[in-house]
Structures are given as structure tokens and as C-alpha cells.
Amino acid sequence: MTGKYPIAEGAQDAVFFAQTDACLNESQMLLPEPFKHLGYATHLVGKWHLGYARWSCMPCVRGFDTSYGFINGGTGYLDHTCAGYHDFYNCTSAHGRNITVSTMDELDGIYSMDLYTERAEEIISHHNPAVPLFLVMTLQTVHSEYYAPSSYYSEWCLDETNVRCVMQAMLNAGEASIDRTIRAMEAQGLWEDTLMVYISDNGAPQSGYGSNAPLQGYKAQLWEGGVRVPAFMYSSNPDILVRRGRTACYVHISDWYDTLVSVAGGWAAYTNATGRLRPNHVDSIDQWEFLNGTTDECPRTELLVHIDPVYRVAGYIRGEFKVLFGNQNIHGSCEKDYFYPLDESGVDWSMVHLYNIMEDPSERVDLRDLYPELVEELRAAIVGYLHEQEPLQCQLSTVENAYPSIEVPYYLPFEFLDGEIPAFATYVNATLDLDNSTVIESVEIEV
């Protein structure tokens, strides 16, 4: 969303926890914002999980015309709760400032993947084809909790107690959602002018449901199984996407920031529309000319895999080689309200591995003794990034009177714009004017 490595935002260890004063830095321009200025309608369907402490953290204030789905992670597919509290919202913005939020309680008991698909179909069916569309679907499946209705189970794998059958059913639900979305775009006459990008955010966790074989490692580890994921671009229109087939070139997730802005018209067009320049200190590399077949040269030849001062691990890729520092198979303990150092003490340099991940993607043959000078060069590259990190404050303390609570069982921003709010009222089904900082309408909740 920012085009930056996680270390640039102090988000290099964990997610944004509920009931804490944490969200993705509001000063950063998120990907939907340039799309808005380039004339696109922008919609988010599915997961947000970038914080909700303030209204300025919410997706419908950060570039999306609408957002529909859940704010946290690990939300239930049927009851739409996270840790026992309701987490499903429809948020809309008018002219980027007035927002309306509804808690959608009436949807409890309905499978969330079906709800997301129906929402995408609704957006598409009501969309004006003369206006370009930026639709982001951060689908819930195949995230925990692990569940899919019986209708999505394959005939050859019907056992709902078998973890692999459950995973297959969840994948079937995801594919069905994508298929229905494509059919809706075809019916609206949008598909021929559409570029579809499919990406995953991390490898499977150590839950037994997923597998990263033949790669080693899991989600939250720097082995290839944790960070190397499938992705593809597709357009049925050869004038939009010329290049076809596979590539061995690196594409970091931050690269979609500049790449997709180029697809939408480019930063020069954004500057002409707004008078503002592309954000500084962005790690994103524009891959569009390569992905579209204009050039055969790989735009990215190296990347920072990660630096995590809690686990005291780091990784870097240059060419075909990948170096890993620290113990990759243990998880550190994140101390509450402790600021982790931004220096070399934040990495355990005593443990090192070096692999040729082009020839050995499973990271079985350690080459560190053959290329000691290369190890030092890659170590120096990591050290160069240490001073670019934002301080990592892990596990922020819970904010007193933050939502959700027993009185207000919803994940809602707890920085109120009109001062003190009575205990019986909240912004459920509320409309707010962010320019005037007043509540236009609110609904009382009896407690």
C-alpha cells in the first residue's frame, strides 16, 4: 500500500493490534490515493488490518470510495467476530471527507466469502464503464479460522475433519469468488479493458493446513517458503498486456505501488492533476515496462528480504544469491512498549546462511564458506538499511476506553471528533463530516 519496505514504517515485526493507538502512518500516501486523482473509482472488498484507532486510519478516508469487510485478522467466516467482538463494516466516503459507517450486524451467519463476492458484483453492476475502476479484493480465504461451507468441498475430498480437504474447499471458495467477479465484469463490458493482478502476501503458516513444499519455512520466517509466493497478471486484451509466460525476475510486493500507478497513467499525470510529486523514499520499482514486454531487462536485481530486531534476523537477495542472518527457526518475544534498536545489535550476525536460490530454491546447499566476501557485501547492504528503519515499538499498550468493549462490542475508531461521547452512544450507522469535525448523525445503542 505504501511502496515501502515494512521497516520504513516500524511495522517489521507484527500486525496492528486492536485497542492500541496504532495504524499505518497517516502521512503516507496509500496506493488508492493516486488512483483517485487519476480519475478512478476505488473500492476495497475484504480485509483491511492496517489499524483503526482514528477515523483517519480507516480505508474509506485513505483513498477508497468504499470499503466492505473486516478491520482485523482472523475474523470468523460466519459470525464475523474477532476475539468475541463484531468485525464487519461497510464504509463509504463522499468527496473523500464525509464518511458513513455501518456495522452490518444483519449479515451474521452468512459466509463472508459469499458476501465479498456479492459486494464485488454489486460494485461492478452499478459501475459507469466511462469511469476507470480500481477494485481491490483482499479475500479472507485461506486465512484462519479454517472453514468453508460443505458446498465448496470437492467430491474426492468431502471429509470436513481432514485439514487438506478443508484447505481445498477454502481454495474452491476463493476460485469461485474470482470466477464470479470476472463474469460480472464481462456482463458489464469491463473485462476487455481490465488488467487483473493476483498476489499472495506470505507463505503458509505452520498449521498443517497449507504447504510450501518443496520450499522450506513458513509464514513469519525468511526462508523461501515464508516469502516466495505465487503471483500473476492477466488481461484478455493483448493491447493491454503484451508479455505472456513466466519470468525469473524478482518482483517485490512494494513494486506494485509504482507499477500499478504506471498502468493507471503514471506519476507525471498525477503531478499534472494535483501539483504534487511522487512520494520520496519509496522502495518500489516500476516493473510495468518489463511486465508489459517493452524491455527484457529485469528492473529489480536485489532486494531487502527483511530485518526484524525482535527475532534478530535479516535477509538480503542480490542476483541469484540470498543471505540470511540469525536463527530462522525460532520466534523472539516482543516486549510491550519497548523500542527496539536501529543499529547492528538488532541482528544476530553470528549465524549466517548463503544460498543460490535460482539453482537451489529449497535452500539446502549452504555456500557461505565458498563466498565469504559476498557474505560481507550483503551484510553491508543490510547495515545500510538499519539506519532507515522507523523505531519498532512492539505490542503497544491497550488504550483505556478503546473499542471494542463490553458496552460497545465493535471495532470502531476511538478518537472521537466531537469530544466526549456518552457511554450509550457510538458511531454505528453514523455519518461524519471530517472537514467540520462534527457528528451529523449518530445512533444510540442501549447497553
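Me: How many aromatic pairs does the structure hold?
Reply: The structure holds 20 aromatic pairs, where rings of Phe, Tyr and Trp (its six-membered ring) pair if their centres lie within 6.5 Å, and planes under 30 degrees apart count as stacked, over 60 as edge-to-face and the rest as tilted. One of them is Phe 35 with Tyr 40, an edge-to-face pair at 4.9 Å centre to centre with 80° between the planes. This is a predicted model, in which local features need pLDDT of at least 70 and side-chain atom pairs count only at pLDDT 80 or more, while totals for chains, interfaces and linings use all residues. Residues are numbered from 1 along each chain as its sequence is written, and side-chain values use heavy atoms, with hydrogens and water left out.

Me: Is Phe 35 buried or exposed?
Reply: Phe 35 is buried, because its relative accessible area is 5% (buried means under 20%, exposed over 50%, partly exposed in between, with a 1.4 Å probe and protein chains only). Tyr 40 also counts as buried, at 16% relative accessibility.

Me: And why is the pair of Tyr 316 and Tyr 385 tilted?
Reply: Their planes stand at 45°, with the ring centres 6.3 Å apart, so the pair is tilted.

Me: New topic: which ring does the charged end of Arg 379 sit over?
Reply: The charged end of Arg 379 sits over the ring of Trp 349, 4.2 Å from its centre, and that wording requires NZ of Lys or CZ of Arg within 6 Å of the ring centre and within 35 degrees of the ring normal.
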